[in-house]
Amino acid sequence: EPIAFSVKSGETILKMFKALEYKRNLKSPMVELESIRDTYSILLVLIQSASERYVPSERQQKITPALEYISQHYHENITNDCLAEISGISTVYFRKLFSSVMGTSPIVYARRLRIEKAKEMLKSDYGNITDIAYSLGYLSIYDFSRTFKKYTGVPPSKY
């Protein structure tokens with residue numbers, strides 16, 4: 001059964017995986033032991049990041065189910081009604097509460113999360129821009145490129 005970890009910066013974990021992959025390709029005599037050690041190091045970082053959780057305020061606790069849903073379903077079409085239902089509050093109150101706690105609307109928050117994931121994917125060897133756009137739930141590469149440029153100031157091909 002998969003376990004989810006909330007990671008503030010995926011770049012650290014990504015660097016660790018790249019280093020692990022690089023060492024595996026070297027085929028040194030100790031590669032198997034080093035791979036085990038590096039895998040445990042990655043797990044340790046993930047577990048430590050999970051233990052650093054803070055206790056949210058009552059207002060933050062009300063939107064926590066929506067934040068978790070967004071982080072797991074950012075590649076899908078998310079609506080305020082859906083997030084409000086998940087949080088167990090009315091849509092109007094949810095939008096006001098989310099905006100006051102997070103400083104932005106729920107939909108903009110989800111879009112920004114998509115763009116952050118896109119940045120990570122573009123930095124990695126995930127695939128071409130079309131693959132990234134579709135994996136993030138965009139219906140066309142043009143929509144993805146337009147949104148990416150709107151939030152970052154540069155098109156994905158230049159990023």
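The chain contains 8 helices and 0 strands, where helices (H or I, at least four residues) and strands (E, at least two) are DSSP runs numbered from the N terminus. This is a predicted model, in which local features need pLDDT of at least 70 and side-chain atom pairs count only at pLDDT 80 or more, while totals for chains, interfaces and linings use all residues. Residues are numbered from 1 along each chain as its sequence is written, and side-chain values use heavy atoms, with hydrogens and water left out.

**Confidence**

- The mean pLDDT of the chain is 85, and 92% of its residues score at least 70; pLDDT is the predictor's confidence in each residue, from 0 to 100.
- Among the elements of the chain, the lowest mean pLDDT (83) belongs to helix 2 (residues 31-51), whereas the highest (93) belongs to helix 4 (residues 80-87).

**Overall dimensions and surface**

- The C-alpha trace spans about 60 × 40 × 25 Å along its principal axes.
- Of the 159 residues in the chain, 23% are buried, a word that means under 20% relative accessible area, with exposed meaning over 50% and partly exposed in between (1.4 Å probe, protein chains only).

- Helix 6 (residues 106-123) has 18 residues and should span 26 Å at 1.5 Å a residue, which agrees with the 26 Å between its end C-alpha atoms; the expected span is 1.5 Å times one less than the number of residues.
- Its buried residues are Pro 106, Ala 110, Leu 113, Arg 114, Ile 115, Ala 118 and Met 121.
- These buried residues of helix 6 pack against helix 3 (58-73), helix 4, helix 5 (91-102), helix 7 (129-135) and helix 8 (141-152).

- Thr 147 is located in helix 8 and counts as buried because its relative accessibility is 13%.
- Leaving aside residues up to four places away in sequence, Thr 147 touches Ile 115 and Tyr 138, a contact being heavy atoms within 4.5 Å.
- Ile 89 lies in the loop between helix 4 and helix 5, and Ile 89 is buried, with a relative accessible area of 19%.
- With residues up to four places away in sequence again not counted, Ile 89 touches Ala 84, Phe 94 and Leu 97.
- Ile 89 and Ser 100 are 11 residues apart along the chain, and their C-alpha atoms are separated by 15 Å.
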